[in-house]
Amino acid sequence: LVKYGDPNASAEAIAAGDGGHVGTFQQLIQRFLAMIAFASAHLPDGDFAAASDAGEVVSASFYSPVLDETRAYAVYLPSGYAASGRRYPVLYLIGGHGMAPEDLAAPVALFVGAPMQAGDVQKMIIVFPDARCHRGECAEAAAHANMLGRDGDGPRFEDSFIEDLIPHIDATYRSKPSSLGDASNPPRLWR
């Protein structure tokens, strides 16, 4: 019920944001903006300066040695990025099961562009990794984690994210580099 609401909700309850979905459009936008505000408030040394442009979405790809394939991603470069020369924190937003990077990038840019441009939230690079199913490996929404597979050699999506995508973003964009991309000292994601 916490994740999807009441599956037996009435039409009135669904219209008010309950039921087997993400809520009303207004609730969805409010939850997203609350997450952006939280990230903005907790990232150090933020750039809150007003800027003249609204930022831009770039579609790109990177080669993942871990997966031995090229993977797509989209990146939102914040307002003022092109002219500033400054480094920015990075927020990674992984889409829902089967979503292309552009499925999230365009709406997110629409809703964060103006607050970043106005200086209401700090500027950050937002990366949207590919969440589409490749090679038939999507099962039970596990495409964002390492998959053991029947013989122990399933796709290593989590490793690819940490060992390939994060270092690629740090090398390609003016990010504040993360220690997560250090393959010699990989992070422990579960404690």
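Which residue stands opposite Phe128 in S4? Ala74 does.

This is a predicted model, in which local features need pLDDT of at least 70, side-chain atom pairs count only at pLDDT 80 or more, and totals for chains, interfaces and linings use all residues. Residues are numbered from 1 along each chain as its sequence is written, and side-chain values use heavy atoms, with hydrogens and water left out.

**View 1. Four strands form an open sheet.** The order is S1-S2-S4-S3, with mixed pairing. Strands (E, at least two residues) and helices (H or I, at least four) are DSSP runs, numbered from the N terminus. Two strands pair if DSSP finds at least two bridges between them. S2 and S4 are antiparallel partners, joined over four bridges.

**View 2. S1 (56-64) and S3 (90-92) stand at the edges of the sheet.** Each has a single partner strand, so one side of each lacks a neighbour in the sheet.

**View 3. The largest nonpolar core holds 16 residues.** Such a core is a set of buried Ala, Val, Leu, Ile, Met, Phe, Trp, Tyr and Cys residues joined through side-chain atoms within 4.5 Å. Buried means under 20% relative accessible area (1.4 Å probe, protein chains only). Val112, Ile126 and Phe128 touch the most other members. H2 (25-42), S2 (69-77), H4 (101-118) and S4 (125-129) each give two or more residues. H4 gives the largest share, five residues.

**View 4. Phe128 has contacts along the chain.** Contact means heavy atoms within 4.5 Å. Not counting residues up to four places away in sequence, Phe128 touches several residues, among them Tyr73, Ala74, Leu93 and Val108.

Key. Buried < 20%, exposed > 50% of the residue type's maximum accessible area, 1.4 Å probe, protein only.
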